[in-house]
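User: I would like to go through this model by asking, for each label, what value stands behind it and which cut-off it meets.

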Amino acid sequence: MKRKIKILTGTALFCLCALLGLGQLRTLQRGGSAFHYQSQTAISLETAEEIQEDAAGKESLPDLTFWREETNQTIATNVPAERTATVTVLTVSGNPSLLTGNFQIPAAGDISGCLLDSHTAWELFGSENVIGAAVTYGEKEYIIRGVLEGFRGTLIIQASKDEKTGFNRIAAADTGEQKSREIEENLKNRYQIDVILVKSRFSDLLTGCIPSKWSDFSFYGSFFQNWKEEVEQVLQAGLSIFEVRRLWSALALGCCILAGGCGACLALKNFFAEN
């Protein structure tokens, strides 16, 4: 009887962790198929648009989106009642889908539209059916073009022509033809933008951690030293809402895998012991 209880407990734990792990995996897959870079200096809207126009005709660079993040910003609405919410505002120049994964709105040039997350939509309007409604940020009114899932407390807008703050982040489309480091070198050499790679494709990591010779015993020493320096650079640059979210999701996924493995081992051990 005790063994059956342990088998059921282990199986239930494995199934629960599998479901939770799938949810975290979906979260990790959101955010667009893109490489993310942190710029050491602010990039003006004019410069960003010039680079985007130039990159559009070059095979050496993919689609680029410039953006910045401003936390603890207040947005408001007067309908159905006067309400406010605190959000993180992402101001972009380019294609928002490189950040969100599936939304190409507000489109480039749509300076009166915005993308609002579902949680804030409920907070302000009591519903997710808010497309066409308006929110006020700063002294400007924005029309909601779409509702974003999974990015709690987020408003995305396109930069207007009177933009003065500039951008400190770049998202480059991952087309599969170029590695993150190649794009980084192009940004540095062609446009003199000093950038740090924040997020790269998983296959790059796998390629980078395999030595070309089995007898290269010094490989992993230098590999982990370089990896440590890159992590320190990223932490010094500061994590955006996307990196923080992915970090927590990766940790949660790891916990789900560990707990699920323990559940599977418990169930299998008692199942074969009974037989």
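User: What makes the stretch that holds S93 a strand, and which residues does it cover?

Analyst: S93 is found in strand 3, which covers residues 83–93; strands here are DSSP runs of E with at least two residues, helices are runs of H or I with at least four, and both are numbered from the N terminus. This is a predicted model, in which local features need pLDDT of at least 70 and side-chain atom pairs count only at pLDDT 80 or more, while totals for chains, interfaces and linings use all residues. Residues are numbered from 1 along each chain as its sequence is written, and side-chain values use heavy atoms, with hydrogens and water left out.

User: Why is S93 called buried, and which residues does it touch?

Analyst: S93 has a relative accessible area of 6%, so it is buried, given that buried means under 20%, exposed over 50% and partly exposed in between (1.4 Å probe, protein chains only). Leaving aside residues up to four places away in sequence, S93 touches L45, A48, E49, Q52, L64, T65, F66, Q158 and F167, where contact means heavy atoms within 4.5 Å.

User: Why is the pair of K161 and E49 called a salt bridge?

Analyst: The side chains of K161 and E49 meet with N to O at 3.1 Å, and the definition asks for a side-chain nitrogen of Lys or Arg within 4 Å of a carboxyl oxygen of Asp or Glu, so the label applies. This pair links distant parts of the chain, with K161 in the loop between strand 7 (154–158) and strand 8 (167–173) and E49 in helix 2 (residues 45–56), 112 residues apart. K161 counts as exposed because its relative accessibility is 67%, whereas E49, at 31%, counts as partly exposed. Side chains of opposite charge can pair when their charged atoms come close.

User: How do you know that E70 and R68 form a salt bridge, and is each of them buried or partly exposed?

Analyst: The closest N and O atoms of E70 and R68 are 3.3 Å apart, and the two form a salt bridge. E70 counts as partly exposed because its relative accessibility is 22%, while R68, with a relative accessible area of 10%, is buried.

User: What separates E184 and R181 along their helix, and which network do they belong to?

Analyst: E184 and R181 form a salt bridge, the closest N and O atoms being 2.6 Å apart. Because they are three residues apart in helix 5 (residues 180–191), about one helical turn separates them. Salt bridges that share partners join R181, E184 and K188 into one network. E184 is buried, with a relative accessible area of 6%, whereas R181, at 35% relative accessibility, counts as partly exposed. A search of the whole structure finds five salt bridges.

User: Which residues lie nearest the centre of the second largest pocket, and what are the classes of its lining?

Analyst: Of the 16 residues that line the second largest pocket, R68, Y142, S160, D162 and E163 lie nearest its centre. By class, the lining has four nonpolar, five polar and seven charged residues. Strand 2 (64–77), strand 6 (140–148) and strand 7 each supply at least two residues of this lining.

User: How many helices and strands does the chain have, and what share of its residues is buried?

Analyst: The chain has eight helices and nine strands, and 41% of its 275 residues count as buried. Among contacts with a separation of 6 or more, 75% are between residues 24 or more positions apart.

Terms used: 1 Å grid on protein atoms, 1.4 Å probe; cavity = no way out; pocket = protein on both sides within 12 Å on 5 of 7 lines; lining within 4 Å. Nonpolar A, V, L, I, M, F, W, Y, C, P; charged D, E, K, R; others polar.
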